[in-house]
Amino acid sequence: MECVVLDEELLANIKSSDQEDEDEEEHMQVEGQMPPQDPTTEDMPFNGEDSDPLQETSTACNFPWVFDDGDVLITDVQLADVVLKREVTARPAIAKRGRGRPSSNPGTYTSSSGQIWSVIRDPQAVYEDLPILGQQACGKGPARSVSNAVEAWMLLFDDEMLRSLLRHANEEMRKRRSPTNAQRPLDVVEMRSFLGLVYLCGVFRNAQFSGPLDELWTLELGNAIFRASMTLTRFENISECLAGIGGMSEAQKLWQRLLINCRSYYGCSSWLTVDETPCSVANTRTTLCCDARTLYMANAVVSRQQRFPGKDVEQLICDFKTTGRNVTLGVRHLNPAQCEQMVQRQLSSLGMLEMASPDWPRQWPNETAVYSGASKLIPFDTEAVFVCGLSAQVDALQAYHSTSQACQQFYDLSQRYSTAFAMPASLESRSSPFLQLLHVVLNTAAVNAWILLRLSPKGDAAMEQRDFQRQLGLFLTQQRLQRRLQRTSTSTSLTMRLQICEILGQPSERLLTEAAGQAKLSDSVGVLTPDKMSLPQGVSLASRYGEKHRRCKPCARNKRGTKSRTRCQQCLSHRCGNHLISRCYECVGILAGQLPEGP
């Protein structure tokens with residue numbers, strides 16, 4: 001299946017001048033209907049030229065969003081209270097005259113890192129809240145026109161990745177070749193079928209106490225598609241070859257290629273989340289950047305080295321600078337100094353600041369909000385929600401609760417029908433980084449492709465994840481099933497071919513008719529002509545068995561060298577059982593008086 005790929009020139013000129021004029025008129029109409037802008041954002045130097053030209057700002061979509069933009073906005077009454085509080089706190093305080101030594105300012109707190117927090121926002125400090133842009137999550141380029149599971153999946157796990165995986169598997173298979181273990185090399189069709197079965201294993205073996213892998217190939221408890229696609233031995237051999245590929249470098253190439261495709265075919269919404277998630281690869285850390293509204297994984301970092309969290313954040317948000325989005329940071333990645341820099345790049349941020357953090361204001365009673373430049377701490381139980389650059393129209397606490405778990409939710413989706421359930425029992429106790437990271441790649445590609453298909457106008461927004469992965473597995477095995485169905489060799493039995501017809505939804509009448517005709521031909525050895533129907537007159541029949549074993553002439557021509565005592569009773573030529581026809585006396589026409597006298 002070929003997917004349409006747009007070149008860079010077409011992507012750059014995808015918006016015509018007429019469309020730009022229409023968009024400008026619509027933008028002027030929308031501005032006339034929008035409420036007055038917040039005073040703190042009037043002079044916001046937002047650079048709209050840096051936004052993605054393929055990013056949609058509003059579209060009709062039935063996608064089941066995790067939350068709507070309106071869920072995190074405050075009401076008009078709450079917004080009026082916020083503006084009133086700002087005006088009150090901006091007024092200079094009236095100095096109170098009294099006796100004795102003047103007391104220090106009780107509303108100022110200093111953190112261990114030296115950052116100063118105050119209950120009153122400094123009116124002299126320059127701080128700006130970013131406007132709400134409302135980017136809408138969407139597929140980009142060919143992702144807008146995908147209509148089935150395999151089309152969406154092949155955008156992310158492309159042909160280059162498939163052929164790279166095939167090349168490494170065949171190299172490992174050649175290394176394992178021996179006189180007693182001669183495995184035929186893989187081709188693209190069989191590798192694609194193997195991946196389809198791996199996805200189906202995640203669908204059928206996702207229970208907590210699932211049975212052994214070989215149950216899927218049994219007649220009693222298994223599924224016909226596993227037996228029809230390949231044998232269990234072949235499946236295990238391919239898995240062992242993939243597990244034998246040493247090192248993480250080749251798996252990292254697949255992972256980086258997947259990240260490029262995931263970033264190329266998807267436009268994120270305004271709400272992003274960066275956090276660390278568990279990783280099935282030993283001694284490896286995984287940090288994800290996910291769209292909080294769709295749970296799409298937009299970027300990720302997988303590394304075995306100890307990295308500074310700030311570097312991970314910089315790498316993950318590199319595609320979104322100057323786009324006005326909000327980034328919710330995990331506890332490990334929250335750094336107020338870095339968040340202040342993100343505001344300069346038109347990115348707001350949210351996060352949970354713990355009391356043990358060096359940026360926590362000492363002796364702060366945790367009752368009222370405190371400010372430090374563009375940053376703000378909002379009390380929440382024994383901790384505080386950190387806000388930096390977020391618009392005053394957004395309920396920071398609600399926004400944090402709606403976005404903070406996006407990375408963990410994506411991880412849960414990827415593990416729900418994980419391809420790791422396809423691991424043979426012989427490999428479960430072995431350390432195989434390549435195969436483990438390959439499962440991470442396959443899980444990520446499946447979840448992201450599922451989201452792309454539901455966002456597509458031609459896709460089904462209500463499709464369940466299990467149905468998507470089941471259809472994906474069936475699609476990937478179809479080509480091999482068609483090949484086995486059309487194969488005329490005896491290796492594919494009639495029963496198996498009938499099962500393949502049932503899996504593919506094809507009629508079996510033609511197959512049964514052909515099988516019946518072949519059965520008639522196989523049961524007969526030839527047609528007798530009228531001149532051979534009876535024996536010539538005066539011919540006497542000799543014994544069927546000769547005195548010695550002699551070579552069968554038809555077999556000698558085929559270089560088989562078969563020797564036999566049986567011979568033709570008429571011409572006395574020795575023939576083996578494959579080249580000798582037996583007929584009874586009645587069929588030949590010999591009368592009872594002509595029979596030889598026996599004992």
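Author: Start with cysteine 318, which is partly exposed at 35% relative accessibility. Here buried means under 20% relative accessible area, exposed means over 50%, and partly exposed lies in between (1.4 Å probe, protein chains only). The model is predicted: local features need pLDDT of at least 70, side-chain atom pairs count only at pLDDT 80 or more, and totals for chains, interfaces and linings use all residues. Residues are numbered from 1 along each chain as its sequence is written, and side-chain values use heavy atoms, with hydrogens and water left out.

Does cysteine 318 have a sulfur partner or none? It has none, because the closest cysteine sulfur, in cysteine 289, is 9.0 Å away, too far for a bond. A disulfide requires a pair of cysteine sulfur atoms within 2.5 Å. Cysteine 138 is also too far from a partner, since its sulfur lies 9.3 Å from the closest cysteine sulfur, in cysteine 268. Cysteine 138 is buried, at 5% relative accessibility. The disulfide count is 0.

Now cysteine 388. It sits in strand 12, residues 383-388. Helices (H or I, at least four residues) and strands (E, at least two) are DSSP runs, numbered from the N terminus. Cysteine 388 is buried, with a relative accessible area of 0%. Leaving aside neighbours within four places in sequence, cysteine 388 is in contact with Cys339, Glu340, Val343, Ser348, Ser349, Ala374 and Ser375. Contact means heavy atoms within 4.5 Å.

Another cysteine, Cys501, is buried in helix 16 (residues 494-504). Met496, Arg497, Gln499, Ile500 and Leu504 are buried in helix 16 as well. Just after helix 16, glycine 505 takes a positive phi of about 75 degrees.

Next, threonine 328 in strand 8, residues 326-329. It is buried, at 1% relative accessibility. Its side chain makes a polar contact of 2.7 Å with the side chain of threonine 403. A polar contact is a pair of N or O atoms within 3.5 Å; within protein, one must be able to donate a hydrogen and the other to accept it, and residues adjacent in sequence count only if both atoms are side-chain atoms. Beyond four places in sequence, the contacts of threonine 328 include Leu272, Val274, Leu350 and Tyr400.

Glycine 267 lies in strand 4, residues 266-267. It is buried, at 2% relative accessibility. Glycine 267 and glutamine 135 are 132 residues apart in sequence, yet 8.6 Å apart in space, C-alpha to C-alpha.

Last, the whole chain. It has 19 helices and 14 strands. Of its 599 residues, 43% are buried. Among contacts between residues at least 6 apart in sequence, 67% join residues at least 24 apart.
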